[in-house]
Structure formats: structure tokens, C-alpha cells
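Please study the structure shown below before reading on. The paragraphs that follow lead through it step by step.

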Amino acid sequence: MKKLQVEPDSVFLNIPYDKKFTKTYLAYLSGLVSLGLNPKATLAIPGGVTRLDRIFALIRSCRYSLHDLSRVELDRTHPPTPRFNMPLELGITVAWAKLNPMEHTWFVFESQERRAQKSISDLNGTDCNIHGGTEEGVMRELCNAFVRRKRRVTVPEMLEIHRELKKQVPGLMRRSGAASVFEPRIFDDLLLAVGELRDAMLFA
Amino acid sequence: MGRSVIITTPIPTVDEMAKRLRIGKKRLATIREIVHKNSAKFLDRNNSASSRRKVEAREKAAS
């Protein structure tokens, strides 16, 4: 297997891309960029036979990964089907980290205490970060997972940045022509908008 | 896996982020324009707070 350059501040974001998850998704972007990290998502990866290979390559190139299992549930469209993408990508990541413990660290985020251990009992013994489905909870758990000694942003500061990011969304969507925040064309724009707000807070 | 990790990598500025994401200056300028239009109060407050802290630090160093 070709050795990939691991980006030391990159975080593979394994989350559902649906409308109900929008505020949590934006909270992850705000929080991670505020902490000086570089989120990576599978949004830009097309479907097809090479998709899994490209997801695996993305995981390998990231030093950290964050797996949100709060919406592993049955969807409404017939036939009702559980969402297995997140657990599948978590499984791939766990195997990769087992083989390369110095190169990858993974975190499981959930909204409810002990639910992940119930749905995936093999996770017993794993400390999940419980965000309670709130934006504040996401920020708090990101700060618990990723600790900075210098230039540490606080949860209230991250929430303030996040509130400001939400104001940018309609303008950024208009500019890019995106119909949803989950479209690949707007992903980088959202990261840069958070970066601009964070710089004002930290570096101005 | 572990519950927390210490991050030691420097926080990249937005210009450094744009370079890494291969975003051109024009696109970055447009994004900045949108942010400055929608968050003028936030930016003013933080810029002035930061300037105030710098002035205070300079005065403290001089005394």
C-alpha cells in the first residue's frame, strides 16, 4: 500500500449529511476550525467502485477522526433502512488505527449516553463524547477531545464564532449556487468563513 | 480510543488555510467580503478589543 503523508492537524469527519443534522454539522466545522484543526469530509468523493478506496485514503491522510453515531437510525423512505455508512467508516478507521497506533486517533461522538455501546456493543470500554445533540455540547466535547495548551479558545468563544458563521450561510450559498450546506462546493467556503471569524478573535 | 489529545500544531491563519485548500485570492476576498458584511459588529468588537489589549500591553511594558 502506498504510504500517504499524514496531515498532523487534519480531522476526518464521519457524520450524516442530512438536513436534520445541519446545525450539528456547522457546529463541528466552527468548533474544529476554531481549535486550529482542519476538517476533512467525504462530500467531494463521488460514488462508484473507487469511493471506498478514496474514503480509506482520506482516513489514512488524517491524524484524527471523529465519528458521530447520533443518527444511526432507520430512515423514512421505503424500505426503512439503518444508516450503516458511519459505523462502516468507524470500523475501517479502528482497523487502521490498530495497525498504525502512532498515526491515527479516533473519537466517537454521540448525543445519548450509552446508546453507542448498545448499538455497537463492541464499543464497550470506549469512552464516547456525549454532545446531547446541542451546539454547546459539540463545542464542549471538541474541547474535551482536542486540548490546546497555547491560544486556547473557550466554549463561549467557539459558540460566538459559530453564531456568526450561521449568519454567513445564506450569502455563501448564494455565492456558490449551492442548494444545501452539504454540497462540496460550499465546504471550503464555510471553513474559510470560520477561519476569518476566528482570526478576528485570536489574531487581530 | 483515548478521550483527549494535546494539539501542538500551530493554528493556521485564514490565508494559510486558503493556500492549503488551493483557494485563490479572488475567492477568498469574496468570502471575506460576505463575512465582513454580515458580521461587522463582531469584527469591530474583536478588532477593537484586540487593539485595546495591545495598547494596554504596550503601556504596561513601557511603565
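Which residue is the bridge partner of Asn14(A) in β3(A)? The partner is His67(A). Before this pairing is followed further, some conventions are needed. This is a predicted model, in which local features need pLDDT of at least 70, side-chain atom pairs count only at pLDDT 80 or more, and totals for chains, interfaces and linings use all residues. Residues are numbered from 1 along each chain as its sequence is written, chains are lettered from A and ligands numbered from 1 in the order in which they are written, and side-chain values use heavy atoms, with hydrogens and water left out. Helices (H or I, at least four residues) and strands (E, at least two) are DSSP runs, numbered from the N terminus.

The discussion begins with strand β3 of chain A, which spans residues 62-68. Two strands are said to pair if DSSP finds at least two bridges between them. Strand β1 (residues 7-14) of chain A runs parallel to β3(A), and 5 bridges join them. Strand β4 (residues 105-110) of chain A also pairs with β3(A) in the parallel sense, over 5 bridges. Within that pairing, Ser65(A) stands opposite Trp106(A) of β4(A). Between β3(A) and β4(A) the chain passes through helix α3 (residues 85-99) of chain A, forming a right-handed β-α-β crossover. Right-handed means that, with the strands pointing away from the viewer, the path from the first strand over the helix to the second runs clockwise.

Is β3(A) largely enclosed or open? Because 7 of its 7 residues are buried, β3(A) is largely enclosed by the rest of the structure. Here buried means under 20% relative accessible area, exposed over 50%, and partly exposed in between (1.4 Å probe, protein chains only).

His67(A), which is found in strand β3 of chain A, counts as buried because its relative accessibility is 0%. Its side chain makes a polar contact with the side chain of Asn14(A) at 2.8 Å. A polar contact is a pair of N or O atoms within 3.5 Å; within protein, one must be able to donate a hydrogen and the other to accept it, and residues adjacent in sequence count only if both atoms are side-chain atoms. Leaving aside neighbours within four places in sequence, the residues in contact with His67(A) include Phe12(A), Glu89(A), Thr93(A) and Trp106(A).

Charged side chains provide the next topic. A salt bridge is a side-chain nitrogen of Lys or Arg within 4 Å of a carboxyl oxygen of Asp or Glu, and the count over all chains comes to 16. One of them joins Glu7(A) and Lys40(A), at 3.5 Å from N to O. This pair links distant parts of the chain, with Glu7(A) in strand β1 and Lys40(A) in strand β2 (residues 38-40) of chain A, 33 residues apart. Another salt bridge connects Arg20(B) with Asp9(A), the closest N and O atoms being 2.8 Å apart. Arg20(B) lies in helix α1 (residues 14-20) of chain B and Asp9(A) in strand β1 of chain A, so this pair joins two chains. Arg20(B) is partly exposed at 40% relative accessibility, while Asp9(A) is buried at 6%.

A further salt bridge is formed by Asp18(A) and Arg71(A), at 2.9 Å from N to O. Asp18(A) belongs to the loop between β1 and α1 (22-34) of chain A and Arg71(A) to the loop between β3 and α3 of chain A, 53 residues apart. Both residues are buried. Salt bridges that share partners also join Glu7(A), Asp9(A), Lys40(A) and Arg20(B) into one network.

How many residues does each chain bring to the contact? Chain A gives 50 residues and chain B gives 37 residues. The area buried between chain A and chain B is about 3,800 Å², of which carbon and sulfur atoms give 58%; buried area is the accessible area (1.4 Å probe) that two parts lose on being put together, summed over both. Across this interface there are 5 salt bridges. Arg27(B) and Asp189(A) also meet in a salt bridge, at 2.6 Å from N to O.

How values were computed
Contact = heavy atoms within 4.5 Å.
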